[in-house]
Amino acid sequence: MLNRSFWSKNDIEKLKDIWEKSGQDRDKFKVFVLMDTSFETKRSWSAYYNKIRELGLYQGSKPSKRYAFTQLEPVRFERLKAVLQDDTVSWGDVFKEFREFTRKQLRNFALNQNIKLHKYKTARPPKNANFKASALPKGLLKKSSKSEITEKEEETVNNIDKNSDNELTLTQQEAMLREGSIAAKRFEMLFGDLKKIPEVDIPRSNGGSPIIIKVKDENNPKVTIINSPLVGTLAAKKESMDIFRNALRLAQADNSDAVIITGNLIYCLVEKYGKQRPYRTQVIGLEPDPELLESSYPKTVLDEIGPLYKRIKEGKLVFMTIKVYLDHVFKLIRQKFLDSNGQPILKCNIYVSLGEIEESIAMFYANESLRVEVFQEKAFAHQKIRELRSGLSKDKAELKYMRLHTEDESGENDEDVEVFEPKDIQEKEKEVNSLIEQINDWQIYDRLLVLMGNAATKQVDALGKLMINYLAYRIELDIPNAKVIGVGDTYLKIGKQLAAIVSDKTIDSVRGGLAGRLREKLYNFVKANPGDRVPAVILGAGLNPWGTGLYGSYRIREQRSTLDDLRMTEIDQLLPCIDSQLYRETVQRMLKAKERLAKLASTPNFQSGVMQLSFFEPAPVPVIEWYTSAFLTNQAIFGSEQGLTNYVSGTEPRSKRLYLYKEGCTHYGAAFVARYESLDDPNGRYIKHHNQVLFEAFMKHNVPIHMYFIDGDIQHWLNYQTYKEVNKQLLDPEDMLVEMTRIEKNADMTSTGKIKALKILAMTNTLVAGVLQPEEQIELYGKAMAPYADFFIGVIERAKKAGITMTGKPGDLGIINIGQGNHNENSWKYSDIKFSEAKITRKELINILLRAGYNPLELERDVIACETGGVGIAEGTFIVGTLGKDAYEYCVFMKHKHGSSKTQDNMRTMIKNFSTRGTTGNYGVGRFTVNLGGDDHMGGHAVTRNAFHMKTGGQMFDGPFGHKLDFPKQNLFSAVASIPSGGPSWGPFTVIRFDFRITRKLAAYKIMLPEKLFPNPA
């Protein structure tokens, strides 16, 4: 790597070429240099700048446009110099003539032009400028040794002493406060008297003391999670299309145990008015209520201007304080939770966790409250100064009089005039000096202490908490059965499982990637907390552009006996509960998206909706259901009570569910392949692979799988020097003999027990030895799958029964889809000869089915090797033919590798690539796509505007390769995805995950798959 201080000949010539190309324009030159990526060494602009000066390129160059005074015409340039030199021209007159410059720029200009600015340029010199300073105030009052600052001069200084917001001068503020304390009145109109609000108990929670969510069955809890409904933003075109109200209706009809509202319940603008505010008001949906508005108007004003409803009707301006704004919002909230008869929509409990917008309202309140108190304290200080100055003026006059009436040198005086002795004058001088010191002290207090930045931090914090208490009070008052459960991170106990609500505290989550940042924090969290403090689900609240689910695996101590030591946390980036289509239409009419909601709607792939979370004990099996805005605005469902009833009861054909099983990378033949003890297996298969366990469970419980997908890395192949990776559990022949002999001579074991133990030992040792040759990996994979032929037969038959028909090009998509992985591709990197993992695995599977006696005419068409030119890709379309004209045509895209991150958001690249890839294959045009992948062994899922993305984990334990590169523990799981037959408008996109913890319990026959896990199959 080149040293930054070394300049190559090519780089120097490059600089000279760019200089000529820019026409010796310094601004253009800088842009060209910073945009050019062909320099041999990348440098900062300061390094380029120093080299440019060294080469003499800037000599005689055109002046930079950044130096504003060089753009002045000669006549104006000379005029500016003249007005700055003229002591009789004030700053105000200068600014009127030269509006484009700031005072700082003008002072710097004067300095560069050797113009000495007169100190009285901001005010006329005092008439008594030569007055003797016989009794100058100390400290701040002491301006110079030649002149005494007068009261008028002090007033002038006050007049130019602006506050931090460039609003009113301190003198103006003082005058306002004197006239009935207008600032205090303003604050009262803004917020009312919050100190009268009853205190609300907002509990604190942590992993050891979570908030208990009341559920009907702790073995099968179900909650609806609504994130950022933002009440107060754009209203739906029709009440039946209100996504928030429909989410509440769904929760009630679907028998949710509770509703959890996260993120930002309300939307409120708290920024002061500025040029950006009209951009922000574009997303406000509040209709002014004359009755609420009039509550803040003075009676005399209303008597004069008339009722506000007339002004609103006539389009005249009306005004709304923050207090009245919040009254409008909470009135709207109250309406959201009530039906047409005024009865609560929800009968269950509602738990509310406050978000960043509620926090910003509290901070605004704290700031305004503090400002009022500071202004009042300043007014008090100013009043004291005025009183003292009045006394000082009188004492000075008396002192002057006393000095004029002392004994003359002859000792003779007019008998009618009082004569003052020196001691009397000394006493009066002490009084004058004392008053000067007091004035000085009060001015120090006013100018140096009474500042917002000096307010005691505990008192500021208390002001913010006062507003949080008010918001919690209003929420619990206006929402039936509501309880505010937290601000910031909040821990919940849902059934037997721990969940956490968190927000993005440092980065604006509009960009996406919240789930990845939370997962990175999880890896550190598990090292500092006992396993029972680690949440099973982490809910990422806020303004997220789409929904994402990621996973983080970890091990906890002392749980091996219950098969609960290996666990996997789900980290979900929640969808916002606003109508994505409505906001997209709004943003289309904008030229700039400056407000966060507008930026959110402008984000590619923006999707909105709600999530339902269920657990099935005792595994537990988590079920994540994503309901998108397309479903929550479906008038056929929410336009009538019968429509919602038909959906929930399962009688609506378009809401029937399709179940797609997505296999994780099996890596058959790897020395570190996952294996499970199944000691009670009746057929003697005491050690099983991950997929074998699931195939057996699916067949046993008749799970309604309609399509099967595996994206590749079915066999481990030889993508790197795998023969160097030896599993330390592998026993060499001598150690194997010792272990077998120990079992043989164990007097406590029966003959049957010894045979079983020897069988387990032999199978385990064979698996950890691995299979090196790819040819043998393929053959042995076929043998391992042969006992589960009925699973694949059931998938094909179930698909036929549901009427699933491929509508794309034959061979691009099937019922059984077998992909090509990167291990196969890498194994042939240095050879011109290769053969396809997908094709040979397909042949093995077809042979398995044929040997099982299954040979329908469509078998070759139903089992597909997904490969295009050596790249493992499946892309096609299908419909549920039994729906007839109501059938929805889904697109499916499956590829092994979509890009990834082991520690951040490994779904984000998958989402981006899907979006930027376009639809050149013609399959995805105008269709919702099921986008599948694997490869990274981290897995995840996401719901975006036009796709449901799912990536499965691996089926391997951690090995030397991951340890060498410091990868986190990989996520070992496969998953079942469920989609509605009639398309995105007719149901949720569901993920049912089968991780190591669940699969191990299935292998040991500790659990069974509940029937309710796969409802309403097509």
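Glu 78 is partly exposed, at a relative accessible area of 45%. On this scale, buried means under 20% relative accessible area, exposed means over 50%, and partly exposed is whatever falls in between, using a 1.4 Å probe and protein chains only. Keep in mind that this is a predicted model, where local features need pLDDT of at least 70 and side-chain atom pairs count only at pLDDT 80 or more, while totals for chains, interfaces and linings use all residues. Residues are numbered from 1 along each chain as its sequence is written, and side-chain values use heavy atoms, with hydrogens and water left out.

So who does Glu 78 pair with? Side chains of opposite charge can pair when their charged atoms come close. Here the partner is Lys 81, and the closest N and O atoms of this salt bridge are 3.9 Å apart. Helices here are DSSP runs of H or I with at least four residues, strands are E runs of at least two, and both are numbered from the N terminus.

Helix H15 (residues 322-336) has a pair of its own, Lys 323 and Asp 327, four residues apart and again about one turn of the helix. Their closest N and O atoms are 3.5 Å apart. Lys 323 counts as partly exposed at 28% relative accessibility, whereas Asp 327 is buried at 13%. The pair also belongs to a network of salt bridges that links Lys 323, Asp 327, Arg 334, Arg 474 and Asp 478.

Which residue forms a salt bridge with Lys 378? The partner is Asp 446, with 3.1 Å between the closest N and O atoms. Lys 378 lies in helix H16 (residues 356-404) and Asp 446 in helix H17 (residues 422-449), so this pair ties together parts that are 68 residues apart in sequence. Lys 378 and Asp 446 are both buried. For the structure as a whole, the salt bridge count is 48.

Now for another glutamate. Glu 677 lies in strand E14 (residues 676-677) and is partly exposed, with a relative accessible area of 43%. Setting aside neighbours within four places in sequence, Glu 677 is in contact (heavy atoms within 4.5 Å) with Arg 560, Tyr 686, Ile 687, Ala 1003 and Ala 1004. His 689 is 12 residues from Glu 677 along the chain, and their C-alpha atoms are separated by 9.3 Å.

Note on methods:
A salt bridge is a side-chain nitrogen of Lys or Arg within 4 Å of a carboxyl oxygen of Asp or Glu.
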